[in-house]
Amino acid sequence: MTQKGVLMELQEYHVKRLFKAAGLPVLKGDVAYTPDEAAAVAAKIGKGPYFIKAQVVDGIGCYGAMLPIGTCENGCACVADRKQVAPVAASLLGIPSWIKN
């Protein structure tokens, strides 16, 4: 999006909130900043599978990928069991190896 020549970079969770506010359907989920918060989001969602995604605004990521359960790649993971959410989220937090600066 541009406004007066200024590029606005929105992360997925920003767009999701805008869509929801406009009355468009969105998948269940929320932003988590810690593994414990990720586990709490999973508990709120209920039954899995759970898709865990690192939010990075630089054009790198999974782009709506359909990952098989048990897969983790490009900062995204899909797990079946709620007990797996916190450890997998911990593995994605703070790992810059897949982020290009």
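# A chat about the predicted model

Visitor: Where is P49 found?

Guide: P49 is in the loop between α2 and β3. Helices here are DSSP runs of H or I with at least four residues, strands are runs of E with at least two, and both are numbered from the N terminus.

Visitor: Before we go on, what kind of model is this?

Guide: This is a predicted model, in which local features need pLDDT of at least 70 and side-chain atom pairs count only at pLDDT 80 or more, while totals for chains, interfaces and linings use all residues. Residues are numbered from 1 along each chain as its sequence is written, and side-chain values use heavy atoms, with hydrogens and water left out.

Visitor: Thanks. Back to P49: is the peptide bond from G48 cis or trans?

Guide: The bond from G48 to P49 is cis, with omega near 10°. In general, most peptide bonds are trans.

Visitor: And what does I69 touch?

Guide: Leaving out residues up to four places away in sequence, I69 touches P49, C78, V79 and A80. Touching means contact, that is, heavy atoms within 4.5 Å.

Visitor: Where does I69 sit, then?

Guide: I69 is in the loop between β3 and β4 (72-73). With a relative accessibility of 52%, I69 counts as exposed. The scale is buried under 20% relative accessible area, exposed over 50%, and partly exposed in between, using a 1.4 Å probe and protein chains only. C78, one of the residues that I69 touches, is buried at 7%.

Visitor: How far apart are the C-alpha atoms of I69 and D81?

Guide: They are separated by 9.7 Å, with the two residues 12 apart along the chain.

Visitor: Let's zoom out. What pattern does the chain follow?

Guide: Along the sequence, the pattern is β-β-α-α-β-β-β-α, so to speak three helices and five strands. The chain has 101 residues, and buried ones make up 24% of them. Of the contacts with a separation of 6 or more, 48% are between residues 24 or more positions apart.

Visitor: Which residues are in the largest nonpolar core?

Guide: That core has 10 residues: A38, A42, Y50, I52, A77, V79, V85, V88, A89 and L92. A nonpolar core is a set of buried Ala, Val, Leu, Ile, Met, Phe, Trp, Tyr and Cys residues joined through side-chain atoms within 4.5 Å.

Visitor: Which elements give two or more residues to this core?

Guide: They are α2 (35-45), β3 (50-53), β5 (76-79) and α3 (85-92). The most comes from α3, with four residues.

Visitor: What is V88 in contact with?

Guide: Apart from its neighbours within four places in sequence, V88 contacts I52, A77 and V79.

Visitor: OK, and how many salt bridges?

Guide: The search finds two. A salt bridge needs a side-chain nitrogen of Lys or Arg within 4 Å of a carboxyl oxygen of Asp or Glu. Side chains of opposite charge can pair when their charged atoms come close.

Visitor: Which residues are linked in a network of salt bridges?

Guide: R17, D30 and K44 form that network. D30 pairs with R17, their closest N and O atoms being 3.9 Å apart. This pair links distant parts of the chain, since D30 is in the loop between α1 and α2 and R17 is in helix α1, 13 residues away. D30 also meets K44, at 3.5 Å from N to O. K44 is in helix α2, so this pair ties together parts that are 14 residues apart in sequence.

Visitor: Is K44 buried or exposed?

Guide: K44 is exposed, at 62%, whereas D30 is partly exposed at 45% and R17 is partly exposed at 48%.

Visitor: Last one: which residues make the nonpolar surface patch?

Guide: L10, L18, F19, L24 and V26 make a patch of about 400 Å². Patch residues have over 30% relative accessible area and no salt bridge; nonpolar side chains (Val, Leu, Ile, Met, Phe, Trp, Tyr) are joined within 5 Å, and like charges within 9 Å. Areas come from the Shrake-Rupley method with a 1.4 Å probe, and for residues only the protein chains shown count as cover. L24 lies in the loop between α1 (12-21) and α2 and is partly exposed at 44%.
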